[in-house]
Structures are given as C-alpha cells and as structure tokens.
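Subject: Handing over a structure

Hello,

I am passing a structure on to you, with a short tour of what turned up in it. Please have a look at it first, then read on.

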Amino acid sequence: MSTEIEIESATLDEKIDKSLDVLEETWDRFDAPVFTCSFGKDSNVVLDLIDRSTADVEAQTALSFLDHGNHFEATWEIKEELESDYDVAFETYEPDSSYEELVSEHGPRVNQRKPDLCCQTLKSAPMERMIDGHDGWITGYRIDEGLDDDGDGDRSYEWRKNLDFFEQKDEVVRINPIVHWTAEDVWEYHDRREITHNELYDEGFECLGCKQCTLDGDALFAYDSIRRVGDEAQEADD
C-alpha cells in the first residue's frame, strides 16, 4: 500500500499497523538506529510506537534530543514527563555556538536576517553529530506537512511531500514511520493512547521550535535546513 493511498483512504488502525511494520523492519535492517526527538506532537507519537514495538528501546535505539538553546519551558517539561512515562533517557546535544553568540557576531535578529546561518549553526550542524555513526535515523516527518489545502507545498516544508518510509541519504537511511499520517491522525492517536502533549498546542501554537522564530504560535518565516541533514553538501540554498 503506497503512502499516497494510505494518506487518502486508510484508517488510522491501518496506518498504525503500517508504522509498526516499518519499525520492525528497522530493527531487522539496521544495527545502530537513532531516534531524534523534538517532543512535539509527531515525535511523541513515534516514541509511543517505538515503545509498542518489539524493540528493547534503549538497547536497540539511540535516543537523542537537540537543545538549541531556544526551547520553550513547556518543551523541557514535556521532555521530563515523557522520559518518566516511558522510562527512557534522551542524550542531549548542543550547538557549538549559542544564539546569543551569533547575535554578538552577526548583529540583532540574526535569525531573520541570516536564517540559513542561524538554522545551520543551531540545528542542522548539531543534528549531523546526532546521527553520525548511525545507519538509520528515525524521524517524525510526515508528507502532510509539505502540503497545503490545494495539495501544493508551502515554502518551508514543501520537500516533505515527497517523503517515503525509508530514504537513503549520503551516509544514513532516514526512516519515517508516520510519513503517511495526517495531523488529525496524530491528535486522534494522542487521544486514544492518552499521550502527554505540550500545553502550548492547547493555546493555539502550531510551531514549537525556536522562541525567536515563533510569533503567536506560527513561524515568523519559512526556513528549514534540516532537510539537508545527512547529505554531504551542507551549503545553504540560493
């Protein structure tokens, strides 16, 4: 069953079964997979699915979290709660330079004036270290994130509309177990499984990334360097 058919017509139960199949294939195919978790709604679903799979989670999967220095306090709270709920611990990675150091060197509002530099420094560069040495990289990416109401990609996540369950990058295979889920599926699954979620979603936030790049819950601008993580060339797009 293709990802396109699943998004359009499959039930949530069918999607869950497919996601669990993808994870079982992951444990069979890869010697050292890593799950990079943001503790947003999509990552939380993947964490629960991993817990439901046959994996001995921490024995078979590295668990990583990126502290780029600009998380909302609620994100730290949800991280602590879910680590307790699932009895796991995520290894924390940090960038080589902080946002404040970038401002000092490049001036105020560096995130808006030089988003490629800011995102590369705070997110994609440390993410490269998170996946280094791993043959599989488990994400919470979804095709639905790259589509708007007309089926066209928006500026920031258009690349995600072409995702598949397994994608060969230059040095790692990116694994997307919920690539075929919609946002509605994600929230229905949260309700079914009673998964703890970030309270900022209840306040209307759609984006829970860097505080500097979030205004009233929405991204200030569209830039996403994470798409290039795992590729040899890390130059910013023109």
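Is aspartate 48 buried or exposed? Aspartate 48 is buried, with a relative accessible area of 3% (buried means under 20% relative accessible area, exposed over 50%, and partly exposed in between, with a 1.4 Å probe and protein chains only).

Before the rest, a word on the source. This is a predicted model, in which local features need pLDDT of at least 70 and side-chain atom pairs count only at pLDDT 80 or more, while totals for chains, interfaces and linings use all residues. Residues are numbered from 1 along each chain as its sequence is written, and side-chain values use heavy atoms, with hydrogens and water left out.

**Salt bridges**

Aspartate 48 forms a salt bridge with arginine 193, at 2.8 Å from N to O (a salt bridge is a side-chain nitrogen of Lys or Arg within 4 Å of a carboxyl oxygen of Asp or Glu). The pair links distant parts of the chain, 145 residues apart: arginine 193 is in helix H9 (residues 183-193) and aspartate 48 in helix H3 (residues 41-52). Helices (H or I, at least four residues) and strands (E, at least two) are DSSP runs, numbered from the N terminus.

The whole structure holds eleven salt bridges. Among them is the one between lysine 79 and glutamate 83, at 3.1 Å from N to O. These two are four residues apart in helix H5 (residues 73-86), so about one helical turn separates them, and both are buried. Lys41, Asp42, Arg142 and Asp144 are linked in a network of salt bridges.

**The sheet**

You will also find an open sheet of six strands with mixed pairing, in the order E3-E2-E1-E4-E6-E5 (two strands pair if DSSP finds at least two bridges between them). Strands E3 (91-93) and E5 (166-168) stand at the edges with a single partner strand each, so one side of each has no neighbour in the sheet. Strand E1 (residues 33-36) runs parallel to strand E4 (residues 136-138), and three bridges join them. Across this pair, phenylalanine 35 stands opposite isoleucine 138 in E4.

Helix H3 packs on the sheet and touches E1 and E4, its direction making about 140 degrees with that of E1. Contact here means heavy atoms within 4.5 Å, and axes are lines fitted to C-alpha atoms, for helices over the stretch in contact, with angles from 0 to 180 degrees between N-to-C directions.

Happy exploring!
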